[in-house]
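The sequence and the coordinates are shown first.

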Amino acid sequence: MRSWRWQFSRMMRLCLRWCRLCPKRGGRPSKPQRKLRELWSYWKLLLNSLYFNSLTNSDTCLDCVFEPVYWIVDNVTRWFGVVFVCLVIALTSSVLVIVYLCLLPVILNTYPLQWIVWHLTYGHWVLMMVLFHYYKATTTSPGHPPQVKSDTPSVSICKKCIVPKPARTHHCSICNTCILKMDHHCPWLNNCVGHFNHRYFFSFCLYMTMGCMYCSVSCKDMFIEAYNAVEVRQTKNVNFLEVLGGLTLTFKYYYQTPPPLFSFREKMVHKSVIFIWVLTSSVAVALGGLTLWHAILITLGETSVERHINKKEVRRLKEKGKVFRNPYHYGKINNWKVLFGVEETSHWLTRVLLPSSHTPHEDGLVWEFPQALTRRDPMTI
């Protein structure tokens, strides 16, 4: 029995043969006919290029059908990346303005000295780490494979860039280029997360989550007071009885007592505190979940793209009675050391807890276990 691919190819050949345009008899074809014939020849060439090769399958056909949709999504994401970056800067700036104008005076005037020192130290340390890592994540190139012929080992050829792809390299349709150790394209950075800025991206997510949690917990009492001042009103019910024609009618009236008198500045402070608490709490929950997910991937020595690929490999090898082992899993602790570039104990302070622009261990082209690290878990292959 012949395969469905052969049947599909045969059907396409017959359709092209039956739909072939015949020239007009007894004379030279007109200009519109020639244009139409050239257009038909072009489309026939495109159809032939789709099924006259051994690599065509259902996925290829679906990719061709949805190519306009992919193009629209990629271009919208690319242009909206600038909007998202401006939105991050605007929201972060608004939080800083509210903290310095509304929260910091309360801390300086009401808190004990040790708590004042702690808030000033911790808050400005988190702020410094957030600003530094966000700037580096957006401006640092994720890394690209060489575009010229080289001796770098590769595992495949990119069908869009037509260049060799080293291990862990994938093509980003939004950036329209191959990315070394690609994790994903982040619209909030307007940049791909790859080999050279993966550490900056994760550190930004981590410190931004810590900063949002800090703001949310610190202004919780002020939020409750502001919410009560703005929203809570005392309501009283008054019942009146009225007899009309032997019928007793009950009327229930509601009225609100006048709210306390607040100045315009106090009203703005209340609304600002509510805004900052809702914003930081929401971001802490959403970004905290994303940070936890990436922490799990880093512990397993995977990226977001490799997670999906490895799941398929696990299922495929399981059907053959084999077990898949991730070749880039150096051990749980060593995976974190590789990400942060920690080679000595002091590096946890100078490279993790303080801003640092050091480059990763590898070059993103060849992946070998760093000799400076001590392997505790056997590398799986």
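| Span | Distance between end C-alpha atoms | Helix | Strand |
|---|---|---|---|
| Residues 115-135 | 30 Å | 100% helix | 0% strand |
| Residues 275-301 | 38 Å | 96% helix | 0% strand |

This is a predicted model, in which local features need pLDDT of at least 70, side-chain atom pairs count only at pLDDT 80 or more, and totals for chains, interfaces and linings use all residues. Residues are numbered from 1 along each chain as its sequence is written, and side-chain values use heavy atoms, with hydrogens and water left out.

An unreviewed UniProt entry annotates residues 82-103, 115-135 and 275-301 as "transmembrane region"; such annotations, given in the numbering used here with shortened feature names, may be inferred rather than shown by experiment.

Helix α6 (residues 198-218) meets helix α8 (residues 264-300) in a contact (heavy atoms within 4.5 Å). Among the α6 residues involved are Phe201 and Met208, while α8 contributes residues including Trp277 and Leu287. The residues of this contact comprise 15 nonpolar, eight polar and no charged.

The structure contains zero disulfides (pairs of cysteine sulfur atoms within 2.5 Å). The sulfur of cysteine 175 lies 3.6 Å from its closest cysteine sulfur, in cysteine 192, which is too far for a bond.

Note on methods
Helix = DSSP H or I, 4+ residues; strand = E, 2+ residues; numbered from the N terminus. Axes fitted to C-alpha atoms, helices over the stretch in contact; angles between N-to-C directions. Nonpolar A, V, L, I, M, F, W, Y, C, P; charged D, E, K, R; others polar.
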